[in-house]
Amino acid sequence: MESSIAARGLGAMALCVLAGGCAAVTPVAYSEVASSAYMTPDTSDSSGRVPYRYAPPVDWRSYNKVMIDPVVIYRGADHQFGDMSEKDKQTLAAYMQTRFADKLRGRFTLVNARGPNTFRLRLTLTGAVANTPVLGTLSRFDLAGAVYNGVQAARDGEGTMTGSVIYAVEMFDSSTSRLLGAYVSRQYPNAYDIKASVGDLAAATAGIDKGADAFMAQLK
């Protein structure tokens, strides 16, 4: 009985791989994110990780402090959480708060008040997809899944039956409230990150880690 269920699951997984790794959630320009009117499709981003961006010239060397707002869980009708529980959303928001703060304090002083040389960061969690239990991990070892995921890993693409996280980033000058930049990002782990395939939110949290690293890389 159990082997029959497993066989059906692997058969469905093979069809999923042949169809292109299962449909992925495509981020939108979220209507209730304040800076969405400024963001435009980012045609320079071939990875699809940052589909929308607003990036005026900014000398980030003039900032040495940062205010981090509490991460907001997006409540707009165009959210992309599917049927994810409120508890899981809260878990991801708390993890995002911690990881971005950890990265930022390596370069900036974290402060709680507006002032000179300080930018304000607002993060909005707009969507997330959980891992597919069991099959997400098995797809790294099944023949069809191994081939597909190997190709995806080589081109930094998304693996099969793996979760992801979507969020909006907005940056402001704390003294003037001028918008310094904004973007929507969809992040997911490497297609062969086995650890990120185990546990409902493992891929989404791995995506947050990648997103925090990518955020720091652009503050040059």
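A residue is called buried when its relative accessible area is under 20%, exposed when that area is over 50%, and partly exposed in between, as found with a 1.4 Å probe on protein chains only. The model is a predicted one, in which local features need pLDDT of at least 70 and side-chain atom pairs count only at pLDDT 80 or more, while totals for chains, interfaces and linings use all residues. Residues are numbered from 1 along each chain as its sequence is written, and side-chain values use heavy atoms, with hydrogens and water left out.

Let us begin with the aromatic rings. Rings of Phe, Tyr and Trp (for Trp, its six-membered ring) form a pair if their centres lie within 6.5 Å; planes under 30 degrees apart count as stacked, over 60 as edge-to-face and the rest as tilted. The structure contains 8 aromatic pairs. In one of them, Y30 and Y74, the ring centres are 5.4 Å apart and the planes stand at 65°, so the pair is edge-to-face. To place these residues, note that helices (H or I, at least four residues) and strands (E, at least two) are DSSP runs, numbered from the N terminus. Y30 belongs to the loop between α1 (2-18) and β1 (40-41), and Y74 to the loop between β4 (72-73) and α2 (86-104), so their contact ties together parts that are 44 residues apart in sequence. Y30 counts as buried because its relative accessibility is 0%, and Y74 counts as buried at 5%.

A tilted aromatic pair is formed by Y38 and Y54, with 5.5 Å from centre to centre and 50° between the planes. Since Y38 lies in the loop between α1 and β1 and Y54 in strand β2 (residues 52-54), this pair ties together parts that are 16 residues apart in sequence. Are these two residues buried or partly exposed? Y38 has a relative accessibility of 49% and therefore counts as partly exposed; Y54, at 25%, also counts as partly exposed. Elsewhere, W60, Y63, F108 and F119 make up one aromatic cluster.

Rings may also meet charged groups. A charge sits over a ring if NZ of Lys or CZ of Arg is within 6 Å of the ring centre and within 35 degrees of the ring normal. R53 is placed over the face of Y183, 5.1 Å from the ring centre, and the charged end of R120 lies over the ring of F172, at 5.3 Å from its centre.

Charged groups can meet each other as well. Side chains of opposite charge can pair when their charged atoms come close. A salt bridge is a side-chain nitrogen of Lys or Arg within 4 Å of a carboxyl oxygen of Asp or Glu, and the structure holds 10 salt bridges. R99 forms one with D102, at 3.3 Å from N to O; being 3 residues apart in helix α2, R99 and D102 are separated by about one helical turn. R99 also forms a salt bridge with D209, at 2.9 Å from N to O. Because R99 lies in helix α2 and D209 in helix α5 (residues 202-217), that pair ties together parts that are 110 residues apart in sequence. D102 is bridged to R105 too, with the closest N and O atoms 2.8 Å apart.
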